[in-house]
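Visitor: I'd like to learn how to read this one feature by feature. Can we take it step by step?

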Amino acid sequence: MSDERKNILVVGGGISGMTAAVEAAEAGAEVVLVEKNPYLGGRVTSLNQYFPKLCPPQCGLEINFRRIKNNPKISFHTLTEVESITGGPGNYQVTVLVNPRYVNDNCTACGKCGDACEAEIPNQLNYGMDKVKAAYLPHAMAFPFKYVLAPEIIGTADAQKCAQACVYKAIDLEMQPAKITYDVGAIIWATGWDPYEVEKVDYLGLGKIPNVLTSLMFERLAAHNGPSGGKILRPSDGREVKSIAFVQCAGSRDENHLAYCSGICCLASLKQATYIREKVPESRAHIYYIDVRAMGKYEDFYTRVDQDENIILTKSKIARISEDPESGGILVEGEDIGKGAKIKQVVDMVVLAVGMVPGTAKVKPELEMECDDFGFATAPGTSGIIPAGCVKAPMEVAASVQDATAAALKAIHGTMGR
Ligand SMILES: Cc1cc2nc3c(=O)[nH]c(=O)nc-3n(C[C@H](O)[C@H](O)[C@H](O)COP(=O)(O)OP(=O)(O)OC[C@H]3O[C@@H](n4cnc5c(N)ncnc54)[C@H](O)[C@@H]3O)c2cc1C
Ligand code: SF4
Ligand code: SF4
């Protein structure tokens with residue numbers, strides 16, 4: 001247990017938390033950032049491309065990693081969560097629990113421990129679609145660029161083999177969890193979002209039909225560092241996908257699940273339709289939507305994607321997704337609202353546009369922060385605990401960056417004189 005004094009503590013190292021941390025530090029604040037994953041970057045790390053420009057997300061992330069690395073005013077902890085917060089605006093005491101990585105800063109990411117390790121664990125980055133060794137680098141561009149040992153192998157012969165394989169003495173099997181209490185003036189809460197557990201929407205078939213995936217799994221399938229090296233293949237038999245159905249509002253806008261619109265999933269599916277069209281020229285993509293929500297400047301992106309005659313947008317309500325034994329494909333059934341006709345479309349793969357659930361629906365500060373009925377954070381203006389990014393509302397990256405910058409300004413105000 002140790003105590004440290006900083007101006008601002010940021011919780012969550014996604015694009016919102018990283019932006020808030022660098023903006024505050026570049027304005028002169030001493031900032032500490034805590035992230036529960038073994039790497040920074042949040043959900044954006046697992047995207048294949050960003051809409052609307054369709055550039056790789058690593059471009060945006062790398063700039064922030066560099067700003068963090070080069071700024072002595074920012075320190076960060078991975079594998080870390082907040083245990084308790086006491087105090088009030090201008091004077092909070094935040095105790096964080098730093099879990100062991102079992103790998104120290106000597107790590108060169110040479111990979112020898114991974115070669116020596118026999119145990120495998122589900123690959124978290126790929127939403128469990130494949131496995132990684134239990135001594136692993138989270139991904140090729142990970143920041144920090146250091147291996148991690150999964151806690152599951154600690155105390156086993158595998159862990160010993162990893163330690164023996166490391167010539168840099170980077171593996172420390174005796175590492176213990178550590179508690180640190182930070183004395184800070186303000187806290188930025190940027191714990192982002194989680195996908196809705198769409199298995200709960202029974203008729204959509206997730207978890208029962210192997211070729212029904214979530215939109216997040218599909219991002220990984222299309223990514224060059226994903227489970228199939230960027231080839232869009234059916235999990236059931238490895239066959240190339242030639243037809244695909246994107247089913248919108250999966251869990252969202254449904255009073256039995258998420259009663260709100262998740263805001264960005266229309267744009268995400270429009271973007272994902274371009275992945276399959278580019279990778280498999282003879283492919284067809286069907287997008288089944290209730291409304292297309294591509295607000296403001298994103299209308300142009302929608303119009304561009306809609307020009308492709310092999311991307312077929314249908315205003316509809318999908319009622320059933322099932323396996324089609326005759327063709328080995330998936331049968332999508334519902335109603336075409338425009339034509340007033342039944343839909344019966346067989347495709348190779350279905351992608352569900354999952355809803356976004358705020359991180360604050362699961363874990364939120366006990367002090368000061370309030371949430372609406374859906375769990376989105378609504379802290380009062382007088383609070384020194386400031387929500388940022390998708391904990392407030394579903395947001396795309398550009399809006400998250402803007403919101404995080406505003407949160408940094410608010411946090412700086414009233415904390416810098418400390
Ligand atoms: C399928 C899909 C595709 C998308 N594609 C695009 C796109 O092309 N372009 C675009 O602009 N946007 C896209 N988005 C939206 C984008 O993912 C979000 O805008 C972005 O993730 C918001 O960043 P964030 O930092 O607020 O949240 P997150 O990315 O969720 O980051 C939150 C971070 O906080 C950490 N955390 C959570 N809880 C805790 C805790 N208790 N303690 C410590 N750390 C914690 C998490 O591990 C994570 O690192 C897409 C979304 C989906 C669903
Ligand atoms: S922990 Fe050691 S063996 Fe493993 S990647 Fe790092 S330096 Fe290499
Ligand atoms: S953004 Fe589109 S797919 Fe997502 S919930 Fe709203 S209308 Fe449905």
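Visitor: Which domains does the domain assignment give for the protein?

Guide: This is a predicted model, where local features need pLDDT of at least 70, side-chain atom pairs count only at pLDDT 80 or more, and totals for chains, interfaces and linings use all residues. Residues are numbered from 1 along each chain as its sequence is written, and chains are lettered from A and ligands numbered from 1 in the order in which they are written. Domain bounds come from an automatic or database domain assignment. Here that gives domain 1 (2-99 + 177-194 + 357-412), domain 2 (112-165) and domain 3 (197-354).

Visitor: How many residues of domain 2 are in contact with domain 3?

Guide: Two residues are in contact if their C-beta atoms, placed from the backbone, lie within 7 Å. Six residues of domain 2 meet seven of domain 3 that way. On the domain 2 side, three are nonpolar, two polar and one charged. For those classes, Ala, Val, Leu, Ile, Met, Phe, Trp, Tyr, Cys and Pro count as nonpolar, Asp, Glu, Lys and Arg as charged, and the others, Gly among them, as polar.

Visitor: What surrounds ligand 1?

Guide: A residue is near a molecule if its C-beta atom, placed from the backbone, lies within 6 Å of it. Ligand 1 has 38 residues around it, the closest being Gly-12, Gly-14, Gly-42, Gly-192 and Gly-389. By class, the shell holds 18 nonpolar, 13 polar and seven charged residues. Domain 1 and domain 3 each provide at least three of the shell residues.

Visitor: Which peptide bond at Pro-52 is worth a look, cis or trans?

Guide: Most residues other than glycine have a negative phi, and most peptide bonds are trans. Phe-51 and Pro-52 are joined by a cis bond, with omega about 0 degrees. Another cis bond links Phe-143 to Pro-144, again with omega about 0 degrees. Pro-52 sits in the loop between β3 (31-34) and α2 (58-69); helices (H or I, at least four residues) and strands (E, at least two) are DSSP runs, numbered from the N terminus.
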